[in-house]
Amino acid sequence: MKKASIAAISLLLAISILTGCAGLGGQPTRLLMVTGGTAGTYYAYGGVIATTLTEKLSRVEITANTSGASAANARSLKNKEAELAIIQNDVLDYAYNGTELLADDGGMPTLRTIATLYPEVIQVVALESAGVASIADLRGKRVCVGDAGSGTEANSRQVLAAYGIDFSDLGRVENLSFADAATAMQNGTIDASFTTAGVPNPAISELKASTDIVLIPIDGAEAAQLIASYPFYSNYTILDSDYEMPGVQTVAILATLACTQDLNENTAYDITKALFDNQPALAAAHAKGELLSAANAVQGVSIPFHPGAEKYYKEVGVIN
């Protein structure tokens with residue numbers, strides 16, 4: 001046999017052996033998770049999830065990176081700049097369907113849900129002196145509806161519409177951050193404000209300490225209509241103890257771990273299973289981990305599950 005042929009056979013054998021070794025436990029799958037700003041919950045909790053799952057999964061390494069949050073994260077998935085992302089489930093719906101603040105992106109049909117993680121609550125606060133007892137009473141009032149183009153602004157529009165109110169029916173519309181809205185309420189220049197955030201929200205807590213305010217409910221037939229129209233909403237109760245004032249029934253959207261259909265099915269299954277198998281460790285490392293459960297993780301989902309995640313949920317009986 002010629003030396004060249006022997007060399008070629010030797011090379012093929014070496015490749016075969018190396019491939020076999022990799023298949024038996026070679027290089028792990030490395031995944032990038034985009035989260036949010038360094039001061040936010042997405043970044044902190046995303047880091048905990050990445051670290052915990054990397055420790056528990058022998059063949060998966062997850063790195064959490066800071067990002068511009070939900071809309072930017074959806075684009076990162078679409079552009080294959082990341083494999084995992086934390087995204088509000090309403091923004092995930094907008095991205096998938098190409099609506100609201102992501103209308104110009106034209107839809108992202110490859111996006112998939114792994115799990116909803118914890119609620120981000122639609123909180124409407126009003127000055128006690130403004131005489132606002134329900135969303136219907138906001139007609140003619142000065143209202144902050146969130147930053148222009150934000151998820152909060154979309155939530156405000158949808159909630160008001162459930163009560164038959166358009167932005168044009170308000171006395172004045174303000175587009176402010178949560179902190180600036182609280183300052184405006186302290187100064188008496190606006191009557192009420194929408195906030196979409198975890199409970200308790202620091203801006204609302206600080207406002208409560210200096211100003212007489214009330215929480216406005218989103219409940220009854222209007223809440224039911226809202227959830228029917230936008231399945232990414234779910235019911236939520238703000239407790240009296242959350243702000244040391246009377247709580248209310250409202251609605252929430254959900255911070256969601258998402259990916260695309262390109263993620264390997266076995267990898268998606270392993271990630272989903274590891275999330276719930278290691279929930280105590282996540283809870284010990286971050287307060288939001290206390291809210292994680294398989295039963296809750298399938299609520300408020302309006303885009304398809306990844307098949308790997310769906311396989312896990314069927315195994316534990318939370319979906320059929």
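Which residues line the second largest cavity? I found N89, L92, D93, T113, T116, T256, G300, V301, S302 and I303 there. I worked on a predicted model, in which local features need pLDDT of at least 70, side-chain atom pairs count only at pLDDT 80 or more, and totals for chains, interfaces and linings use all residues. Residues are numbered from 1 along each chain as its sequence is written, and side-chain values use heavy atoms, with hydrogens and water left out.

I took a cavity as a set of points, on a 1 Å grid over the protein atoms alone, where a 1.4 Å probe fits but cannot get out; lining residues have an atom within 4 Å of a point. Points are joined across faces, edges and corners, and volume is the space filled by probe spheres set on them.

Second largest cavity: I noted a volume of about 40 Å³. α4 (89-97) and β4 (111-127) each give at least two lining residues, and α4 has the largest share, three. Helices (H or I, at least four residues) and strands (E, at least two) are DSSP runs, numbered from the N terminus. I sorted the lining into three nonpolar, six polar and one charged (nonpolar: Ala, Val, Leu, Ile, Met, Phe, Trp, Tyr, Cys and Pro; charged: Asp, Glu, Lys and Arg; polar: the others, Gly among them).

Largest cavity: I noted about 50 Å³. Its lining is V125, F178, A181, A182, M185, S193, T195, A203, I204 and L207. Two or more of these come from each of α6 (178-187), β7 (192-197) and α7 (202-210), and α6 supplies the largest share, four.

Note on methods: On a 1 Å grid over the protein atoms alone, a cavity is a set of points where a 1.4 Å probe fits but cannot get out, and a pocket is an open set with protein on both sides within 12 Å along at least five of seven lines; lining residues have an atom within 4 Å of a point.
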